[in-house]
Amino acid sequence: MGMSELDSRKVEQWFRRRGLPAVVRGLEKNLAVRIVPAVVWLGLTDVLYAVLTFVDGDAEFQSRLENPLFLVLYTVALAGSVVFPAVGAWLTAGWARDRALDDRGFEVALVIIGCYVVVWPFAATLLDGSAILIPALTGSLAALLVVAALLVLTAVGMGSIFGWALRAALRQLRSVGTMTSRAMPLLLLVTTFGFYTAEIWQSAGQISRSRMLLVLGFFAVLGGLFLRSVFAAELRELSTGWSHRVSALPADPFGGASAPAEGTTPPLTGLERANMLLILLLTQMLQALVFAAVVFAAFAVLGKLTVPDAAVKSWVGHDPARGELFGVQLPMANDLVQVCLFIAAFSTLYFIATIVTDAAQRKTFFEPVLEHLEVSLAGRAVYLARYGARTSPRRADPAEQAPRP
């Protein structure tokens with residue numbers, strides 16, 4: 001099959017699946033179906049969050065935590081509030097992908113969106129024990145604004161970019177063991193001694209949660225600036241080093257397509273370069289977020305097992321309060337939560353640096369993304385050789401120009 005016979009929508013879908021909507025012309029289509037995975041994730045997250053806050057708002061909650069079985073079940077529910085929305089979004093993403101290409105599934109998508117915008121806000125009001133109409137209408141309006149924002153972001157391609165980066169990070173969850181075995185030992189050696197010092201509890205444990213969020217944001221900005229400077233140099237090399245990846249293009253939809261001559265492919269536009277840079281940044285930042293969660297969980301368990309409330313009180317000078325994160329109570333002291341957040345942020349900054357500087361880490365977590373972009377650039381060259389640059393009108397297919405009998 002020659003390139004002239006390619007189905008353009010399949011080719012463009014291939015680029016969007018790879019997080020590169022800037023390569024194709026025009027906006028995304030069938031938007032209602034495309035945003036269903038995000039709506040499902042948001043809806044399930046809201047439902048589980050409401051259930052958790054309903055449980056921990058009970059007057060008997062503190063005493064129930066003394067029961068080991070209740071503590072285990074509540075901890076499992078906390079983990080499930082992260083896992084279940086992700087699984088639901090992943091399942092619906094497969095459903096949406098099959099229907100977005102041929103403009104199907106609009107009615108089902110409309111029902112799911114309607115449940116999120118209309119049904120759930122009223123159900124949440126009833127669960128809260130309130131029969132007031134105003135909170136339900138306010139919740140519906142907020143959900144409608146969220147859906148509108150999702151439609152806009154998906155139309156300009158941000159859904160494709162974030163979706164691919166998220167899938168890439170999830171695929172590398174199997175490398176969490178490798179990640180922790182390489183990065184954690186040295187970190188534990190350095191940070192464990194600091195974890196048991198009064199100074200870190202007095203500084204991190206006693207600042208407000210809002211200020212702690214500013215600290216976390218500061219670490220995130222430092223990591224992002226470092227990665228951007230590295231990725232800009234990598235993109236300059238990638239833009240001329242893709243030709244050997246043409247053979248790696250899939251048979252569907254590139255079967256039988258010939259590669260363009262060297263030097264004939266238009267250079268990357270500013271939008272395409274920004275798209276690729278954003279892919280690199282999002283992928284590595286999501287990997288860093290997974291690592292931060294692992295570090296936080298490790299020190300939370302360590303602190304729960306080895307730091308009694310009496311020690312916390314002697315370090316911070318007051319009785320420890322019950323921990324809270326994103327409005328949900330945790331079965332640990334709030335000072336422990338603060339310290340774990342700080343150590344996780346500091347450790348993640350170290351991990352971000354090693355991703356691109358350490359040879360072993362780079363091979364595991366960074367080079368697969370570079371290979372992905374090289375294959376995508378090869379596909380871009382073949383695509384542009386057939387359809388022309390993004391800013392120019394698409395050339396008519398020879399088969400389409402032939403007179404009909």
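Tutor: Let's begin with handedness: a crossing of two helices is right-handed if the near helix is turned clockwise from the far one by less than a right angle, and left-handed if the turn is anticlockwise. Keep in mind that this is a predicted model.

Now look at helix α3 (residues 36-56) and helix α5 (residues 68-100). α3 passes α5 in a right-handed crossing. What sort of residues make up the contact of α3 with α5? By class, there are 19 nonpolar, five polar and one charged. The two helices pack at an angle of about 165°, and their axes are 7 Å apart. Angles over 145 degrees count as roughly antiparallel, so that is how α3 and α5 lie to each other.

Next, follow the helices through their side chains. Two rings pair up if their centres lie within 6.5 Å, and by this rule the count comes to nine aromatic pairs. One of them is Trp14 with Phe15, edge-to-face at 5.0 Å centre to centre, with 80° between the planes. Both of these residues are buried. Another edge-to-face pair is Phe219 with Phe342, at 6.1 Å centre to centre and 70° between the planes. Phe219 sits in helix α11 (residues 209-238) and Phe342 in helix α15 (residues 334-357), so this pair ties together parts 123 residues apart in sequence. Phe219 is buried, at 14% relative accessible area, while Phe342 is partly exposed at 28%.

In one, Glu272 meets Arg380, and the closest N and O atoms are 3.0 Å apart. Glu272 belongs to helix α13 (residues 270-306) and Arg380 to helix α16 (residues 359-387), so here the parts tied together are 108 residues apart in sequence. Asp319 is exposed, with a relative accessible area of 51%, whereas Lys313 counts as partly exposed at 41%.

Terms used:
Residues numbered from 1 in each chain as written. Heavy atoms only, no water. Phe/Tyr/Trp six-rings, centres within 6.5 Å; stacked < 30°, edge-to-face > 60°. Buried < 20%, exposed > 50% of the residue type's maximum accessible area, 1.4 Å probe, protein only. Helix = DSSP H or I, 4+ residues; strand = E, 2+ residues; numbered from the N terminus. Axes fitted to C-alpha atoms, helices over the stretch in contact; angles between N-to-C directions. Parallel < 35°, antiparallel > 145°, perpendicular 65-115°, else oblique. Nonpolar A, V, L, I, M, F, W, Y, C, P; charged D, E, K, R; others polar. Salt bridge = Lys/Arg side-chain N within 4 Å of Asp/Glu carboxyl O.
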